[in-house]
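Colleague: Could you show me how to read the aromatic contacts and the sheet in a model like this?
Modeller: Gladly; let us look at it together.

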Amino acid sequence: MGRKYLAFDIETAKDVPGEEFIWRPHRPLGISCAATLASGSNQPRLWYGRSTDGTPAKQMSVEDTAHLVRFLTQMASDGFTILTWNGLGFDFDVIAEESQLKPECTSIALGHVDMMFHLVCTLGYPVSLQRAAEGMGIPGKPAGMTGIKAPKAWAEGKHQEVLDYVCQDVRIALQIAQAAEQLRQFQWITQRGSKKSIPLLAGWLTVQDAIRLPEPDTSWMAKPLLRREFSGWLTGN
């Protein structure tokens, strides 16, 4: 029997200029909404704040976000492995700031499976969620929405479009995790359109295990990614 996963993803509230999403200079970003999806569940659970009239709020409050962190902590205690795609380098960094619960977020982040970080530690470079879905033969992201566009869409009142987007992200992440573990390998589509794969004989590694892997050969890369670019917030570096 495979792991019990809880896939998790957030969408931010602040509209960051540019197409490269260089977000750190613009923090705090706020969180517009989030989604979680447990193994064996068909429908993601949605998380967002509510205005006095019951409509979605501009962003989640500190207490809204803290409630989500406490839920993740409880689910981890109940035997679920928290699962993300780039959660170490983004989602948990943001939610630690927004919830004011950095120690709790640090603990969750270290013990969770961030599939993209596992790949960075193995390959030396990241793979996008969409390319991973294509490689694993899984339906990808909905057309017309991206994480960069989501803050503006939410501010314009297109709440359902953003909620549908974040729901699809957790569905994709959970399906990739389970399919790769069953196949015992991870497959993706490269930028040149070819399919590549790596073995996944021991399953997905948690952050604290992935970070102990030997450094891959990145001598061919002009600007190789450093692991601390993802994990630096844990220690404040």
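We will take the sheet and then the aromatic rings.

Modeller: This is a predicted model, where local features need pLDDT of at least 70, side-chain atom pairs count only at pLDDT 80 or more, and totals for chains, interfaces and linings use all residues. Residues are numbered from 1 along each chain as its sequence is written, and side-chain values use heavy atoms, leaving out hydrogens and water.

Colleague: What is the order of the strands in the open sheet?
Modeller: In general, strands of a sheet pair through backbone hydrogen bonds, either parallel or antiparallel. Here the 5 strands run in the order β3-β2-β1-β4-β5, with mixed pairing. Strands are DSSP runs of E of at least two residues, helices are runs of H or I of at least four, and both are numbered from the N terminus; two strands pair if DSSP finds at least two bridges between them.

Colleague: How do F21 and F90 pair?
Modeller: An aromatic pair is described by the distance of the centres and the angle of the planes. Rings of Phe, Tyr and Trp (its six-membered ring) pair with centres within 6.5 Å; planes under 30 degrees apart are stacked, over 60 edge-to-face, the rest tilted. The structure holds 10 such pairs. For F21 and F90, the centres are 5.7 Å apart and the planes at 65°, so the pair is edge-to-face. F21 lies in the loop between β1 and β2 and F90 in helix α2, so their pair ties together parts 69 residues apart in sequence.

Colleague: Which residues form one aromatic cluster?
Modeller: That cluster consists of W85, F186, W188 and W204.
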